[in-house]
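Subject: Structure handover

Hello,

Here is the structure for you to take over. My notes on what was found in it follow below.

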Amino acid sequence: MKGFVLAGFIARFPISMLGIGIVLLISELTDSYATAGAVAALVNASYALAAPFSGRLADRLGQARVIVPVVLFNALAMVALMLSVGFRLPQWTLYVTALLVGMTMLSIGSMVRARWSTLHGGSPRLHTAFAFESVADEVIFVTGPAAVTLLATYVNPFAGLIVAMVAMVGGSLALAGQRRTQPPIVATRAGGRSPILIPGVALLAVVYLGVGAVFGSVDLITVAFAEENDAKSAAGFLLAAFAGGSMVSGLWFGSRTWRISLRGRFVRALGIFAVGLLPIAFVQETWVMAIALFVAGLAISPTLITGFSLTERMVPQALLTEGMAWISTSIGFGVALGAWAGGRLAESFGASNAYGFSLGAALLAVVLGVVGSGLLRTSEVSSPAQS
């Protein structure tokens, strides 16, 4: 079990490095946050489009048979993107290579969570396992942005992306080698029902579109905020504070036994998430922003933990990796939208004003989650993953 956990951790470490690494590289060489944001957005959008299909392939063929060829192609696409930037090739080459990078990114988090569901589906241990994964994600998002910022600022603009690529390839191939814990292949009818057609999963997908928009916009706007305050090298640490709040809450949230239903926990976490974002629109000092982002991040882990737990209960075993991937896809689309909008707004109106978009996206997610919460009623004692 430890093998797939460690491999999955390393394989998805680049998630926290890729977006800000692209923004730092392109903004450094082109002086355009709009271009940087657009390229980062395209990576996330194309990833979001492709992830459910790679998830479905993993369910039908087994994770190992999908991971190996896809991750190697992704590495080639990453090299092509960096060469396009470095050699100042026409701008369209940035978008073509970014499209290829996103389309060949694997939803490693979904694959790891599917393994946990296979091991502990229907058990209270699954809540703890998902909480652990959320904390692992936040450790990644605490250390990743700081690491890529230091590498890009003090070593070389390309260094952060190179390290991310090496971690992605090594971790993914190691995960592919952990065959004993991968979910069993379950025969399904050709053209079988997609998890996104389950009403509750569809609702979660829409809600996480808004949540992802918060993530994407905060990432890019915070880089611009740091530069406006003559502290660009602090951008990674500001984003680490955002993820740090989530890591702390994940440890607390996952260690508790809850009597409140999953649906109730999800709605409450969404509300706290929106309220926590309010202060960042009014902060001007860098050190104060670090505190505000930490507080804003406190509701991230509970929101993600409950959402993945709800998905696990609503999606049958034969479609579990794809079901998890749809949530990651929605977050990815949201991140793409947020990165694009954040870049445009920060460039046009300044970073502090652009944070208003992040707050608006969070409020929209809350409204949708509350209004549609009736679709999220699930059994607290059984799991479709075990049916």
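**Findings**

Aspartate 230 is exposed, with a relative accessible area of 75%. The model is a predicted one. Aspartate 230 sits in the loop between α9 and α10 (235-254), and its phi is near 55°, a positive value in a residue other than glycine.

Arginine 88 belongs to the loop between α4 (63-86) and α5 (91-103) and is exposed, at 54% relative accessible area.

As for the protein chain overall, it has 15 helices and zero strands. Its radius of gyration is 19 Å, close to the 21 Å from the globule rule for 387 residues, so the chain is as compact as a globular protein of that length. The C-alpha atoms fill a box of roughly 55 × 45 × 35 Å along the principal axes. Of contacts between residues at least 6 apart in sequence, 85% join residues at least 24 apart.

On the inside, buried residues account for 60% of the 387. The largest nonpolar core has 113 residues, and Ile22, Phe273 and Leu277 touch the most other members. Helix α9 (residues 199-228) gives the largest share of this core, 16 residues. Beyond its neighbours within four places in sequence, isoleucine 22 is in contact with Ala36, Val39, Ala40, Val43, Leu81 and Leu161.

The chain carries 22 positive and 15 negative side chains, and the centres of the two sets lie 18 Å apart.

Regards

How values were computed: Residues numbered from 1 in each chain as written. Predicted model: local features only at pLDDT ≥ 70, side-chain atom pairs only at ≥ 80, totals over all residues. Heavy atoms only, no water. Core = buried A, V, L, I, M, F, W, Y, C linked by side-chain atoms within 4.5 Å. Buried < 20%, exposed > 50% of the residue type's maximum accessible area, 1.4 Å probe, protein only. Helix = DSSP H or I, 4+ residues; strand = E, 2+ residues; numbered from the N terminus. Contact = heavy atoms within 4.5 Å. Rg over C-alpha atoms; globule rule 2.2 N^0.38 Å. Lys, Arg positive; Asp, Glu negative; His and termini not counted. Charge placed at Lys NZ, Arg CZ, Asp CG, Glu CD.
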